[in-house]
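Student: Please take a close look at one part of this model, the packing of its helices and the placing of a few residues within them. I would like one connected account, with each criterion stated.

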Amino acid sequence: MSNTDRQIIRLALPSIVSNITVPLLGLVDLAIVGHMGHASYIGAIAVGSMIFNVMYWLFGFLRMGTSGLTSQALGRRDLSQTVKWLQLSLMVSMSIALLLLLAQYPLRWIALQFMHPTIEVAQGVYTYYNICIWGVPAMLGLYSMTGWFIGMQNTRLPMCVAILQNIVNIFMSLFLVYGCGMKVEGVALGTLIAQWSGFLLSLLLALRYYRRLVVYGTRNLHKLLSSLNRFFSVNRDIFFRTLCLVAVNLFFTAAGTWQGDLVLSVNTLLMTLFTLTSFVMDGLAYAGEALAGRYYGAHNHKAFQHTNHRLLVWGFRVACFFTLLFIIGGKPLLQVLTNDTCVIEAAMDYLPWAVAIPLIGVSAFIYDGIFIGITATKGMLLSTALAAVLFFVVWLTLFPIWGNHALWMALLIYLGMRGLVLAIYMKLCLKL
């Protein structure tokens with residue numbers, strides 16, 4: 001195994017573990033409320049979690065932009081700049097958090113109008129939202145810290161933070177619900193405590209492992225703000241790209257809902273297989289952010305090209321593994337997720353689409369990581385916007401003929417187009 005391969009694995013494995021732990025926060029909450037004896041509790045947590053998931057997804061640029069800018073500065077051996085990006089990112093994340101806290105009531109109203117839950121569920125959502133909104137500064141701050149750690153070529157610390165968050169969430173939620181007799185408010189408080197524990201731990205770990213870099217920090221606000229244009233120019237493109245991603249994902253779910261409960265269940269189950277793939281692919285993408293950004297910043301084009309090649313090789317290896325897994329074990333995996341034979345049989349008609357996702361989508365994942373690392377965010381926005389437009393065109397054209405099959409075809413074309421445009425953009429526009 002080459003040194004580059006070892007670097008990729010060293011960075012990717014902790015990120016994969018971190019990715020796997022992320023959905024556990026929501027699953028633990030659902031598991032606890034699922035035993036409270038009333039379906040409205042499950043609905044309240046599901047709706048409340050979705051509100052915050054969309055909110056945090058939109059501000060994911062705080063992680064991605066910080067990662068790319070920091071890795072490039074590290075490649076140039078500009079330690080003062082690496083610290084400046086962390087300071088600036090934290091300042092922006094706290095400013096956004098403050099604005100969201102000030103606008104929490106209008107945001108809650110808009111979210112509930114959009115989701116339109118029943119009165120019983122809405123009451124639980126109010127309780128969950130009013131508590132978890134105070135975790136926004138911690139979560140956005142954690143995005144900044146995680147991006148900075150990845151940019152510093154360290155994915156082990158985010159993994160430790162993610163594991164601690166889950167432990168704290170499980171313990172505190174169980175204690176508050178079963179020990180203190182709370183309901184939805186106990187689950188929400190457990191999540192809130194876990195979020196702040198994760199953020200505070202990330203700050204402590206940064207001081208523990210990077211204390212020597214404190215001297216490179218700046219107290220000159222004007223000097224710090226001088227880099228704000230660069231920070232926002234990178235993150236503006238990522239933000240609008242994320243809007244395209246959110247639009248496609250929300251529409252995919254909504255389109256399943258319009259076709260009835262059976263199709264919605266089928267699409268949800270099959271998308272779970274895609275989620276399993278994304279855990280590993282995102283880990284490789286994070287490795288791409290760190291390594292590509294570092295070599296790009298160091299102007300080491302030979303190492304940059306070699307790393308990109310090895311990332312794609314590893315990506316296609318993983319894609320082949322999941323493709324074979326879904327071909328051989330697709331039905332058994334679905335049987336693990338549900339015992340509803342009607343849903344399983346209906347899902348088998350659409351399983352080939354899910355089987356094709358890993359190989360068709362692998363380039364999008366890998367190139368996304370590379371582009372974040374080199375902060376070529378205009379290319380990311382262009383590829384996602386074009387792919388999103390094509391997604392809706394394919395769906396509108398073929399849905400009257402193929403129904404739900406058209407939805408899955410549109411998703412595959414969307415994923416493939418993202419990777420194809422990024423590859424072309426890198427060759428023709430970036431000349432890398």
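**Helix packing and selected residues**

Tutor: Thr 323 has a relative accessible area of 10% and is therefore buried (under 20%; exposed is over 50% and partly exposed lies in between, with a 1.4 Å probe and protein chains only). The model is predicted, so that local features need pLDDT of at least 70 and side-chain atom pairs count only at pLDDT 80 or more, whereas totals for chains, interfaces and linings use all residues. Residues are numbered from 1 along each chain as its sequence is written, and side-chain values use heavy atoms, with hydrogens and water left out.

Thr 323 belongs to helix H13, residues 301–337 (helices are DSSP runs of H or I with at least four residues, numbered from the N terminus). Residues up to four places away in sequence aside, Thr 323 touches Val 355, Pro 358 and Leu 359 (contact means heavy atoms within 4.5 Å).

Ala 194, in helix H9, is also buried, because its relative accessible area is 1%. Beyond its neighbours within four places in sequence, Ala 194 contacts Gln 165, Val 168 and Asn 169. Its C-alpha is 8.1 Å from that of Ile 167, a residue 27 positions away in sequence.

Helix H9 (residues 184–210) also packs with helix H6 (residues 119–132), at an angle of about 20° and with the axes 9 Å apart. The two helices are therefore roughly parallel (angles under 35 degrees, taken from 0 to 180 degrees between N-to-C directions, with axes fitted to C-alpha atoms over the stretch in contact). Their crossing is right-handed (the near helix is turned clockwise from the far one by less than a right angle). H6 contributes Gly 124, Thr 127, Tyr 128, Ile 131 and Cys 132 to the contact, and the residues from H9 include Val 184, Glu 185, Leu 192 and Gln 195. By class, this contact has eight nonpolar, four polar and one charged residues (Asp, Glu, Lys and Arg count as charged; Ala, Val, Leu, Ile, Met, Phe, Trp, Tyr, Cys and Pro as nonpolar; the others, Gly among them, as polar).

Thr 275 lies in helix H12, residues 261–297, and counts as partly exposed because its relative accessibility is 34%. From Thr 275 to Trp 196 there are 79 residues in sequence and 26 Å between C-alpha atoms.

Helix H11 has 31 residues, 228–258, and should therefore span 45 Å at 1.5 Å a residue, which agrees with the 43 Å between its end C-alpha atoms (the expected span is 1.5 Å times one less than the number of residues). After H11 comes Gly 260, with a positive phi near 105°.

How values were computed: Angles under 35 degrees count as roughly parallel, over 145 as roughly antiparallel, 65 to 115 as roughly perpendicular and the rest as oblique.
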